[in-house]
Amino acid sequence: MGGGQQVHGRRVLWTRRPSKNPEGAPGTDGAATDRRGLALRVFTADCAPVLLADGRKRALALVHAGWRGAANGILGRAVKLLERKAGVGPKDLWMVVGPCIHQCCYEVGGDVARCFPRNTTGGPDKFFLDLPGALAEQAKVLGVSPRKIFLAPHCTVCDRRFFSFRREKTESRQAAVAAFRQL
Ligand SMILES: [Zn+2]
């Protein structure tokens, strides 16, 4: 298993072996690999788990993105890392955004709204951010094909099957795990 400690930054770790640190690599918010059978994981409770993967080269990245990570460009980091290390271009990538806080529940201030002018509604002092929409938008700008982008319909705040930090200040987290099978 490989993963990051999750600090809402934009560092993505390239890894080819299981992490010795159960907490994940310090100072990172995601990991990428082209090693088959190596599972990546992220923990979330309202932030979005985002998978980027190419089935031909069997390379993938799994990152944790809230508004801060998205504004800091974590998706771009993951896409560029896959290109540089595994030779996977953005056109080859599939993207899945897992359950996370949706626009119905993601009230943000003007400072956050300003980072995502095309994916917020409301105002002048109360805004709602469409986090999956913002991530999809960023992916398209990075060159990922819209037909390869999938957004899970679940809002982690509305849907009580999920842990939600915003709803209950929980310490619990969803785990997203992804790997290519070792053939
Ligand atoms: Zn909701």
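**Reading a sheet, a zinc site and an aromatic pair**

Modeller: Let's start with the open sheet of 6 strands, ordered β2-β3-β6-β5-β7-β11 with mixed pairing. This is a predicted model, in which local features need pLDDT of at least 70 and side-chain atom pairs count only at pLDDT 80 or more, while totals for chains, interfaces and linings use all residues. Residues are numbered from 1 along each chain as its sequence is written, and side-chain values use heavy atoms, leaving out hydrogens and water.

Colleague: What makes β2 and β11 the edge strands?

Modeller: Each of the two, β2 (13-14) and β11 (149-151), pairs on one side only. A strand here is a DSSP run of E with at least two residues; a helix is a run of H or I with at least four, and both are numbered from the N terminus.

Colleague: How do you know that β2 pairs with β3?

Modeller: Pairing takes at least two bridges found by DSSP between the strands. There are 2 bridges joining β2 to β3 (residues 30-33), and these strands run parallel. As one detail, W14 has A32 in β3 as its bridge partner.

Colleague: Why is the zinc site called tetrahedral?

Modeller: Donors are N, O and S atoms within 2.8 Å of the metal (3.2 Å for Na, K and Ca); water is not among the atoms, so sites may look incomplete. The SG atoms of C104, C105, C155 and C158 lie 2.2 to 2.3 Å from the zinc ion, so they count as protein donors. Four donors are tetrahedral if all angles lie between 85 and 135 degrees. The angles among these 4 donor atoms are 100 to 115°, so the site is tetrahedral.

Colleague: Is C155 buried or exposed?

Modeller: Buried means under 20% relative accessible area, exposed over 50%, and partly exposed in between (1.4 Å probe, protein chains only). C155 has 6% relative accessibility, so it counts as buried.

Colleague: Why is the pair of W94 and F150 called stacked?

Modeller: The structure holds 1 aromatic pair. Rings of Phe, Tyr and Trp (its six-membered ring) pair if their centres lie within 6.5 Å; planes under 30 degrees apart are stacked, over 60 edge-to-face, and the rest tilted. The ring centres of W94 and F150 are 6.1 Å apart with planes at 15°, so the pair is stacked. W94 lies in β7 and F150 in β11, so the pair ties together parts 56 residues apart in sequence.

Colleague: What makes W94 partly exposed?

Modeller: Its relative accessible area is 38%, so W94 falls in the partly exposed class.

Notes. Tetrahedral: all angles 85-135°; square planar, octahedral: opposite > 155°, others 65-115°.
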